[in-house]
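Please open the structure in your viewer and keep the selection tool at hand.

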Amino acid sequence: GMHPDQCREVRELEQIESAAIVGVSEVDFLRLSDGVLEYGVGLRRAIAAVVRRHRPDIVITNNFRDTWGGANLNQADHIATGKATLDAVRDAGNRWVFREQIEAADLEPWGGVREVWATASPDSNQAVDVTETFDAGVASLRAHQAYIDGLGWADFDPAEFLEGLTRGAGSRLGVTHAVSFEVFPMGWGS
């Protein structure tokens, strides 16, 4: 119910708090409009700049398949961002793609990303045990209170929600809670 400009401020503060709860001290915001993201060069450029700046070994994105396993349709922003992230990781390592970042922004190409992990993909082929950090994850989700309130879900319980998301993968992995990922090896060196 908030105006997008006000919502952005509130949501960014929530995200910073949420990240701090799980030990993340630096959060970047692209400040692109919610609900109307489109896959394309602009989004790839923005993500490639972040990859070049932070130089990660692994990049994690959201499920970008059309569904969450056939039951529910995925949303357009997730699809666009996930696909753009996969391509932007490769773009970040190519010195001839987005050359202005190298020439004007003092960013260097970064081809050191070994894998891109898409969480909650219906084509997941890996899982990570999150049992020991589950409670921190619940606290982190609770930090998104304005978002949760905005959904209008009566009696939403972050612990119950995350348990529902992690129980199946945990059971398959032989642990209490796990998060599943579709892993895309980049197949190149740095």
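**Starting in the core**

Begin by selecting I47, V51, V59, V89, V113, V116 and F184, which have the most contacts inside the largest nonpolar core, a set of 20 residues. A nonpolar core here is a set of buried Ala, Val, Leu, Ile, Met, Phe, Trp, Tyr and Cys residues joined through side-chain atoms within 4.5 Å, where buried means under 20% relative accessible area with a 1.4 Å probe, protein chains only. This is a predicted model, in which local features need pLDDT of at least 70 and side-chain atom pairs count only at pLDDT 80 or more, while totals for chains, interfaces and linings use all residues. Residues are numbered from 1 along each chain as its sequence is written, and side-chain values use heavy atoms, with hydrogens and water left out.

Next, colour α2, α3 and β2 (115–119), the elements that give two or more residues to this core; helices are DSSP runs of H or I with at least four residues, and strands are runs of E with at least two, numbered from the N terminus. The largest share of the core, six residues, comes from α3.

**Where two helices meet**

Now select α2 (residues 41–54) and α3 (residues 76–92), whose axes, lines fitted to C-alpha atoms over the stretch in contact, come within 8 Å and cross at roughly 55°. On the side of α2, the contact (heavy atoms within 4.5 Å) is made by residues including L43, I47 and V51, and on the side of α3 by residues including A84, A88 and V89.

Finally, centre on I47, which touches L30, T81, A84, T85 and A88, not counting residues up to four places away in sequence.

Methods
Axes are lines fitted to C-alpha atoms, for helices over the stretch in contact, and angles run from 0 to 180 degrees between N-to-C directions. Buried means under 20% relative accessible area, exposed over 50%, partly exposed in between (1.4 Å probe, protein chains only).
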